[in-house]
Amino acid sequence: MPVPDEAWSAFAARFTVGSVVHGDVVSVVPFGAFVRIGEVDGFAPAREWPTPLEEGTVVPVRIAAIDAEARRFAVHPA
């Protein structure tokens, strides 16, 4: 699902690579999880986390990469 312009603009204006924030784990997949920051979901690769993430939890994350063109970002443990 595409990220709405307003949601991506708010995310991009507030966060940069290296930002440390708390995110909500909104879904878990075999290869990682999706973490919501603001109104945008980013990917948390399973290989970066010492323990599996659980849906419904809030986790401290560091924004590891942002792809503005694709409107995607990745997070690692903070």
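Predicted model: local features only at pLDDT ≥ 70, side-chain atom pairs only at ≥ 80, totals over all residues.
1. His76 is buried, its relative accessible area being 18%. His76 belongs to strand S5. Once neighbours within four places in sequence are set aside, the contacts of His76 are Pro45, Glu48, Trp49, Pro60, Val61, Arg62 and Ala64. His76 counts as buried because its 18% falls under the 20% limit for that class.

2. Strand S5 covers residues 72–77, and strand S4 covers residues 58–67. S4 and S5 run antiparallel and are joined by six bridges. Two of the pairings can be named. Ile66 has Phe73 of S5 as its bridge partner, while Ile63 is partnered by Val75 in S5. The two strands form a hairpin with four residues between them.

3. Which residue in the hairpin of S4 and S5 takes a positive phi? The residue is Arg71, with a phi near 60 degrees. Arg71 lies in the loop between S4 and S5. As a matter of background, most residues other than glycine have a negative phi. Arg71 has its positive phi although it is not a glycine, and a colleague inspecting backbone torsions may wish to look at this residue. With a relative accessibility of 27%, Arg71 is classed as partly exposed; the reason is that this class lies between the 20% limit for buried and the 50% limit for exposed residues.

4. The pairing of S1 with its two partners is as follows. Strand S1 spans residues 20–29 and strand S2 spans residues 32–37; the two run antiparallel, with five bridges between them. A hairpin of two residues leads from S1 to S2. S1 is also joined to S4 by five bridges, again in an antiparallel arrangement. Asp24 can be followed in both pairings: Asp24 stands opposite Arg36 in S2, and Asp24 also stands opposite Val58 in S4.

5. Strand S3, residues 40–45, runs antiparallel to S2 and is joined to S2 by six bridges. Within this pair, Gly32 stands opposite Pro45 of S3. S2 and S3 make a hairpin with two residues between them, and Gly38 in that turn has a positive phi of about 65 degrees.

6. Val29 is located in strand S1. At a relative accessibility of 24%, Val29 is partly exposed. Beyond its neighbours within four places in sequence, Val29 is in contact with Phe34 and Phe43. How far apart in space are Val29 and Pro45, C-alpha to C-alpha? The separation is 9.6 Å, for two residues that are 16 apart in sequence.

7. Helix H1 comprises residues 5–14, and its buried residues are Ala7, Trp8 and Phe11. These three lie on the same side of H1, because they cover an arc of only 95 degrees around the axis. In general, an α-helix has 3.6 residues a turn, so residues three or four places apart point the same way. Glu6 and Ala13, on the other side of H1, are exposed. What do the buried residues of H1 pack against? They pack against strands S2, S3, S4 and S5.

8. The largest pocket holds about 220 Å³ of space. It is lined by 14 residues, of which Val3, Val40, Asp41, Gly42 and Arg71 are the closest to its centre. S2, S3 and S5 are the elements that each give two or more residues to this lining. The largest contribution, four residues, comes from S3. Sorted by class, the lining consists of eight nonpolar, one polar and five charged residues.

9. Two residues connect several of the points above. Arg71 has the positive phi in the loop between S4 and S5, and Arg71 is also among the residues closest to the centre of the largest pocket.

Note on methods
Residues numbered from 1 in each chain as written. Heavy atoms only, no water. Pairing = 2+ DSSP bridges. 1 Å grid on protein atoms, 1.4 Å probe; cavity = no way out; pocket = protein on both sides within 12 Å on 5 of 7 lines; lining within 4 Å. Points joined across faces, edges and corners; volume = space filled by probe spheres on them. Nonpolar A, V, L, I, M, F, W, Y, C, P; charged D, E, K, R; others polar. Buried < 20%, exposed > 50% of the residue type's maximum accessible area, 1.4 Å probe, protein only. Arc of directions from axis to C-beta. Contact = heavy atoms within 4.5 Å.
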